[in-house]
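Have the viewer ready and follow along.

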Amino acid sequence: MSPLVMGGSRGAVVSPERLAAAADALGAAVEAGGDELPSAGGARASQVVTKVAQRTALVGGHTVVALAGATGSGKSSLFNTLVGGDVAAVGVRRPTTSTPTAAVWGAEPSGELLDWLGVGSRHLVEGEGPGGQVGTLDGLVLLDLPDVDSRETGNRAEAQRVLELVDLFVWVTDPQKYADARLHDDHVATLSAHEAVTVVVLNQADRLSPEDVERCRTDLRRLMERDGLPGATVLATSARTGAGVDELRQRLANAVAGRTAARARLAADVRSVAGDLSAHVAAAEPTVDEPTRAELLEALARAAGVPTVVDAVARDYRMEAASHTSWPLARWVHRLRARPLRRLRLDGRDVRVTESDVRSVLGRSSLPPPSPAARAAVALATRRVADRAGAQLPTPWSEAVERAATPPGPDLGDALDRAVVGTSLLARAPVWWRVVGAVQMVLSAAAVVGLLWLGAYAVAGWLQLDSVVPEVPRLGVLPVPFLLLVGGLLLGVLLAALAAWLARVGARRRGAVMDRRLRESIAGVADTEVLGPVRRVLERHAATREALRHAADV
């Protein structure tokens, strides 16, 4: 309910605390929204936040009312009638008013307020002036503004500047220009959120018959409804005869008595700006679903060479197992072969790679660079992340999401290489390697003993020393030395084959373990370089949206 309504001194009251909270929320929305909010809207919101702080800091309970209107509407005459004296210049020359003129009721100091308003011409009204039977006007600051349609650009700008600062609007028009498009489209309609602090005056009503006055008022109400102010007060006055002036003065007295018009105007400003900015945020924030995240992780893993590293881990495991569990006399062959992880400089033994190394030379891990297909897969995955996260967001926000999902230059490649280099690919050697290795040593020793034993009998026979050499022990029909030789060799080969099968199984398990480690590191890169920045944009959007909602609720 408007504080201008006859018979009431208060309407919907906005407390100082609630107004301050709304202004703070609007400021937080501008800060969170940043470049994703339109620059003009953000600047306007910052101006409103500053205005709230400045206006509420002014000491005193004044209510600032502006008489605004088009050329020839009789603003100055109506101003003088309300004041009770010729304060504002009135004449046939147009425009007459070039600077605002203020009339102040009451003894409370108003200099600081008028300085803030930038009004130099001031007049102190003694008593109540004409119509003293109405409610007191103590605390009223009435301004006569330059014409809003003045031919002088400076006059129009000055009127617009002061209109940004006043508490109540009294739009003064006349029977000839009450439907003027410039007045309605450029001024009244732009303040449609300020219905509670708006009065429309059809001045010079004495030039019409009562029937024509009522028709004009009805048509003017229709125009105000079209402008977005269906409940605005519409009065008919005549500065010459005084008709309707007492009613206008009473409305002003109601507003002054309530002492809430300033906060109502400021709250309307906050609501209006918050409403305009709300058109630049979505109703909710999209999310990156798990399939899209999984696709990104897979693309990054392939670009980082994870399959190559896992394959090298498996082959390295098999070679290491062979060097421990194969036939001892053939192990030197396995040790001569180059290790896959060592060739990639990922064995963690003779190469110490620091972060500065990786930054200075991409590919320090000696992994092959990603193929064009892998790079294309990464580009496609990041684009899908941007599409999912930016879906249904206004264009500036979706573009911010796209930028966040696409790290600049080589940053993503460097981060992936650091992740691979920084992941430990070492693991403890299985116990069964040592057990099989020990058994192989025993079997090899048995074979050597059998060979030497048989050799000794062969030499003794060649030297015809059979009579002095003890008989060869036998196990069944087979000599023990023969059994030691053949058994050691045959069992060693069989055990090596079994160990090789176990090594293939173990290699697959080791590869799976290292694959999980590498993908966890890659997931960290994805969160840091892609998903994290995207998430922060969405969090800013949510903070902006919530702050604007709180500001618009004032």
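Begin at Gln204, which counts as buried because its relative accessibility is 17%, and buried means under 20%. Keep in mind that you are looking at a predicted model. Gln204 sits in the loop that runs between strand E6 (198-202) and helix H7 (210-226). As a rule, most residues other than glycine have a negative phi.

Now step back to Asn203, which is found in that loop between E6 and H7 too. Asn203 is buried, with a relative accessible area of 1%. What does Asn203 touch, leaving aside residues up to four places away in sequence? Its contacts include Ser73, Gly74 and Leu78, then Val172, Thr173, Asp174 and Pro175, and also Thr237, Ser238 and Ala239.

A positive phi turns up again at Arg259, a residue other than glycine, where the value is near 55°. Look for Arg259 in the loop between helix H8 (245-258) and helix H9 (261-278). Is Arg259 buried or partly exposed? With a relative accessible area of 46%, Arg259 is partly exposed, since that label covers values between the 20% and 50% cut-offs.

Next, turn to a pair of helices. Two packed helices are described by the angle between their axes and the distance between the axes. Helix H10 (residues 290-303) packs with helix H19 (residues 480-552) at an angle of about 115°, and their axes are 10 Å apart. H10 and H19 are therefore roughly perpendicular to each other, and their crossing is right-handed. On the H10 side, the contact is made by Arg293, Leu296, Leu297, Glu298, Leu300 and Ala301; H19 contributes Arg519, Ile522, Ala523, Ala526, Asp527, Val530 and Leu531. Sorted by class, the contact has 9 nonpolar and 4 charged residues, with no polar ones.

Finally, the aromatic rings: the structure holds 3 aromatic pairs. One of them joins Tyr317 and Trp433 in a tilted arrangement, 5.2 Å centre to centre with 55° between the planes. This pair links distant parts of the chain, with Tyr317 in helix H11 (residues 306-325) and Trp433 in helix H18 (residues 431-462), 116 residues apart. Both Tyr317 and Trp433 are buried. Trp433 also pairs with Trp432, this time edge-to-face, at 6.4 Å centre to centre and 80° between the planes. Trp433 has a relative accessible area of 4%, whereas Trp432, at 23% relative accessibility, counts as partly exposed. Together, Tyr317, Trp432 and Trp433 form one aromatic cluster.

Conventions
Residues are numbered from 1 along each chain as its sequence is written. This is a predicted model: local features need pLDDT of at least 70, side-chain atom pairs count only at pLDDT 80 or more; totals for chains, interfaces and linings use all residues. Side-chain values use heavy atoms; hydrogens and water are left out. Helices (H or I, at least four residues) and strands (E, at least two) are DSSP runs, numbered from the N terminus. Buried means under 20% relative accessible area, exposed over 50%, partly exposed in between (1.4 Å probe, protein chains only). Contact means heavy atoms within 4.5 Å. Axes are lines fitted to C-alpha atoms, for helices over the stretch in contact, and angles run from 0 to 180 degrees between N-to-C directions. Angles under 35 degrees count as roughly parallel, over 145 as roughly antiparallel, 65 to 115 as roughly perpendicular and the rest as oblique. A crossing is left-handed if the near helix is turned anticlockwise from the far one by less than a right angle, and right-handed if clockwise. Ala, Val, Leu, Ile, Met, Phe, Trp, Tyr, Cys and Pro count as nonpolar, Asp, Glu, Lys and Arg as charged, and the others, Gly among them, as polar. Rings of Phe, Tyr and Trp (its six-membered ring) pair if their centres lie within 6.5 Å; planes under 30 degrees apart count as stacked, over 60 as edge-to-face and the rest as tilted.
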